[in-house]
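Open the model in your viewer and keep the selection panel at hand. This tour goes stop by stop.

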Amino acid sequence: MNEWWKHTVFYQIYMPSFCDGNGDGIGDFIGIRSKLEYLKQLGVGCVWLTPFYPSPKVDQGYDVSDYENVDPDYGTLEDFRAFVKQAHALGIRVLADVVMNHTSTEHAWFKESRSSRSNPKRDWYIWKEPVNGAEPNNWESFFGEKAWELDEATGMYYYHSFAKEQADLNWTNPEVKQAMFRMLDFWIDQGVDGFRLDVINNLSLTDCLTDNPTGPDGEQIHQYDVNQPGIRQFMRDLRTHVKRRGDIFLVGEISSDKLDVIRPYADDDLLDTTFNFNLGSMEHFTFDAFAAELGRMAREYTGEHLPTIFFGSHDMPRFPSRFGFDEAQARNLFTLLMTFRAYPFIYFGDEIGMDNYVCHSIDDARDIQGVIAYHKAKQENKPEEECLRALNQASRDHSRNTMYWSDAEWGGFSTARPWIGWQPQSIPCAEAQQKDPDSLFHYLAGLARLRTELPVLSQGDCQIECPAPQVLVCRRSMPGQKLVSVMNFSGRPVELTLEEGWSLHKTTLPGAAKLQGNTLALQAKSGAILLLNEKEEQA
């Protein structure tokens, strides 16, 4: 088996915000095709596309109304095929985002299901009778509302673990599994090389309706509506099915930030890997907690198992804003991203250091999660300032701002007003950074090249050390090659004593580090990559 993903740099494209190719203010496949050479220059080996299927977009495409087509906003199935063909010609693979937990209530399956209690597709979704005239249990959606919606026509409730327009599929029904596996086959036939599995541990596989407990903070603990019995067997079946079709990569989104919940889903017979939110979704950069998670990941993932490493996605604020990082710190973070033993994922725009989109009024908001939080605060009669604070705290719009391609109107994203507001960025645009060999873009591209040039970065063991306050060391080793990356996240210079034989290979900025004998001197907020001298190693 050619496990190509073990040598690949991944890049997430948030479909509506990457590049508009037809001038309607929404990103599309024509736009993505026009930027494939850019991605190749960056060193990207696989693009992860957020959902591009037909959708009412209540949850920006994660409410799918047709699994086997392309949303007109993004183009046609022919546009998709042309994109895949061109990407493959450049050596770039394609990862499709699939939502198997729920469909849009506009999907034909759900329309049939809700049409009558006796419809053949009634059992494709989770329908329950009222209990004492109310919801079947106390479950809340992950958006903070009640998870049950009454259908007046049939007098029963349907379950939705997210928005009420996203009805959960009933995975106790084998017909659902068969239909969804056929859907995966369809996209493999179109040339897809792998799947990102949305909230895959949320599938409802039993008839469990036990009330969820409430935590000390009054928030519901999602104990019985996730990680249900049978989920591991489902993932085995899924793996067996897609691996029959070839070298198809499977990465799961596990709805948890706890390593002991995430890690078991990447066992040999389950998924190839999972997203490590225990590290990637940290709300703030606290060095000790950050380093501790890295150390745990290095210890937990051994042998053929690798975690993922990422610091941005469509569901979280952009890392420069979230961590308060300037460009020097961003270079440190990218050094770690590309030298740690993991599958590296870049979120679009991170390569040039883009910062957050901020909602200054409810009219700026596009994300349903933020809109729900705003209206909930309004219902509680909170002042507008607090409502906006609630909106921005809950919103996922922060990272969904359009790509800053150039200094043209709308940042070069489109010739029309973008679907989400344009806000100026504090960094040079992508066009300027491509022309500047010392830019953040080119620094990251150089690191990506290093991953292809040095086998130790894809095959070597990994150790994490903290030899001084806010100084992180990542050691990689394999027979015949050793590498160490050193990142000083502090605001002051540091000196470290290294073993004999290391040579300075790359620094985050010119003059950021000096090696004299065995002493490595690092400037504040600077990093370096060193290689072990082969002669010293042989001696």
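**Before you select**

This is a predicted model, in which local features need pLDDT of at least 70, side-chain atom pairs count only at pLDDT 80 or more, and totals for chains, interfaces and linings use all residues. Residues are numbered from 1 along each chain as its sequence is written, and side-chain values use heavy atoms, with hydrogens and water left out.

**Stop 1: α11 and α15**

Select residues 327-339, helix α11, and residues 440-453, helix α15. Helices are DSSP runs of H or I with at least four residues, and strands are E runs of at least two, numbered from the N terminus. The two axes lie 10 Å apart, at an angle of about 15°. That makes α11 roughly parallel to α15. Axes are lines fitted to C-alpha atoms, for helices over the stretch in contact, and angles run from 0 to 180 degrees between N-to-C directions. Under 35 degrees counts as roughly parallel, over 145 as roughly antiparallel, 65 to 115 as roughly perpendicular and the rest as oblique. The crossing is right-handed, meaning that the near helix is turned clockwise from the far one by less than a right angle.

Now show side chains. From α11, pick Glu327, Ala330, Arg331, Phe334, Thr335 and Met338. From α15, pick Leu440, Tyr443, Leu444, Leu447, Ala448 and Arg451. These make the contact, which means heavy atoms within 4.5 Å. By class there are 8 nonpolar, 1 polar and 3 charged residues. Ala, Val, Leu, Ile, Met, Phe, Trp, Tyr, Cys and Pro count as nonpolar, Asp, Glu, Lys and Arg as charged, and the others, Gly among them, as polar.

**Stop 2: Thr335**

Stay on α11 and centre on Thr335. Is Thr335 buried or exposed? Thr335 has a relative accessible area of 0%, so it is buried. Buried means under 20%, exposed over 50%, and partly exposed in between (1.4 Å probe, protein chains only). Its side chain makes a polar contact with the side chain of Tyr443, at 2.6 Å. A polar contact is a pair of N or O atoms within 3.5 Å; within protein, one must be able to donate a hydrogen and the other to accept it, and residues adjacent in sequence count only if both atoms are side-chain atoms. Leaving out residues up to four places away in sequence, Thr335 touches Tyr443, Leu447, Ser485, Met487, Thr508 and Ile529.

**Stop 3: α12 and α13**

Select residues 368-379 (α12) and 384-394 (α13). Here the axes are 7 Å apart and the angle is about 155°. That makes α12 roughly antiparallel to α13. This crossing is right-handed. Residues of α12 in the contact include Val371 and Tyr374, and those of α13 include Leu388 and Leu391. The classes are 9 nonpolar, 2 polar and 2 charged.

**Stop 4: α5 and α6**

Move to α5 (residues 174-189) and α6 (residues 231-243). They pack at about 35°, axes 11 Å apart. The crossing is right-handed. Lys177, Phe181, Leu184, Asp185 and Ile188 of α5 meet Phe234, Asp237, Leu238, His241 and Val242 of α6.

**Stop 5: Thr308**

Go to strand β12, residues 308-309, and pick Thr308. At 1% relative accessibility, Thr308 is buried. Which backbone oxygen does its side chain reach? That of Thr274, at 2.8 Å. Among the residues that Thr308 touches are Val251, Met297 and Phe345.

**Stop 6: Lys482**

Finish on strand β16, residues 481-488, at Lys482. Lys482 is partly exposed, at 28% relative accessibility.
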